[in-house]
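Take a look at the sequence and the 3D view first, then read the points in order.

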Amino acid sequence: MKVLTGNDLPTGDVIWWTGNGWSRHIEDAGDVADQGESIARVEEAARHVTGPYVIDATVTADGPRPAHIKDRVRALGPTVRPDLTLKPADPNAGSWVI
């Protein structure tokens, strides 16, 4: 199975091609077979998606499962916890230049 993924242009969210449009849920993804690259070009030109690419996946009872770990992590959704982000730099601390 081949699945088309990319990022939603306005939000940057990971999205998946369903066959009729885009979804934020990999469970909705459809098999693009050998047409993935051409669909990607059309959708990117129409500014529906940015950075689209085709990945290998297997069919499971819960929907497509990406073959590569990087794409499985993408399919899980955002992994950044706002409470763990770095605090802004103190503007009064100055900066070091070496």
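1. **Ground rules.** This is a predicted model, in which local features need pLDDT of at least 70 and side-chain atom pairs count only at pLDDT 80 or more, while totals for chains, interfaces and linings use all residues. Residues are numbered from 1 along each chain as its sequence is written, and side-chain values use heavy atoms, with hydrogens and water left out.

2. **Overall layout.** The protein chain has two helices and five strands, and their order from the N terminus is β-β-β-α-β-β-α. Helices (H or I, at least four residues) and strands (E, at least two) are DSSP runs, numbered from the N terminus. Of the 98 residues in the chain, 28% are buried; buried means under 20% relative accessible area, exposed means over 50%, and partly exposed is in between (1.4 Å probe, protein chains only). Among contacts with a separation of 6 or more, 50% come from residues 24 or more positions apart, where contact means heavy atoms within 4.5 Å.

3. How many salt bridges does a search of the whole structure find? There are four, each being a side-chain nitrogen of Lys or Arg within 4 Å of a carboxyl oxygen of Asp or Glu. In one of them, K2 pairs with D56, with the closest N and O atoms 2.4 Å apart. K2 sits in strand β1 (residues 2–8) and D56 in strand β4 (residues 49–60), so this pair ties together parts that are 54 residues apart in sequence. Both partners are partly exposed: K2 has a relative accessibility of 33%, and D56 has 42%.

4. **R24 and its two partners.** R24 forms a salt bridge with D8, the closest N and O atoms lying 3.1 Å apart. This links distant parts of the chain, with R24 in the loop between β3 (22–23) and α1 (36–45) and D8 in strand β1, 16 residues apart. R24 also bridges to D13, with a closest N to O distance of 2.7 Å. Since D13 belongs to the loop between β1 and β2 (14–17) and R24 to the loop between β3 and α1, the pair ties together parts eleven residues apart in sequence. Through shared partners, D8, D13 and R24 are joined into one network.

5. Strands count as paired if DSSP finds at least two bridges between them. β1 and β2 are antiparallel and share three bridges, with T5 partnered by W16 of β2. Five residues separate these two strands in their hairpin, and G12 in the turn has a positive phi of about 85 degrees. β2 is also antiparallel to β3, joined to it by two bridges, and here W16 stands opposite S23. In this second hairpin, four residues lie between the strands and G19 has a positive phi near 110 degrees.

6. **Nonpolar cores.** A nonpolar core is a set of buried Ala, Val, Leu, Ile, Met, Phe, Trp, Tyr and Cys residues joined through side-chain atoms within 4.5 Å. Which residues make up the largest one? Its six members are V3, W16, I26, A29, I55 and A57. Another core lies apart from it, with five residues including W17, V32, I39 and A40.

7. **E43, a buried charge.** E43 is found in helix α1. It is buried and has no salt bridge, the nearest side chain of opposite charge being R47, 12 Å away; in this count Lys and Arg are positive and Asp and Glu negative, and His and the chain ends are not counted. What does the side chain of E43 make a polar contact with? One partner is the side chain of W22, at 2.7 Å, and another is the side chain of H48, at 2.9 Å. A polar contact is a pair of N or O atoms within 3.5 Å; within protein, one must be able to donate a hydrogen and the other to accept it, and residues adjacent in sequence count only if both atoms are side-chain atoms. Beyond its neighbours within four places in sequence, E43 is in contact with W17, W22, H48 and V49.

8. **A33, in a loop.** A33 belongs to the loop between β3 and α1 and is partly exposed, with 44% relative accessibility. A33 and L4 are 29 residues apart in sequence, and their C-alpha atoms are 9.4 Å apart in space.
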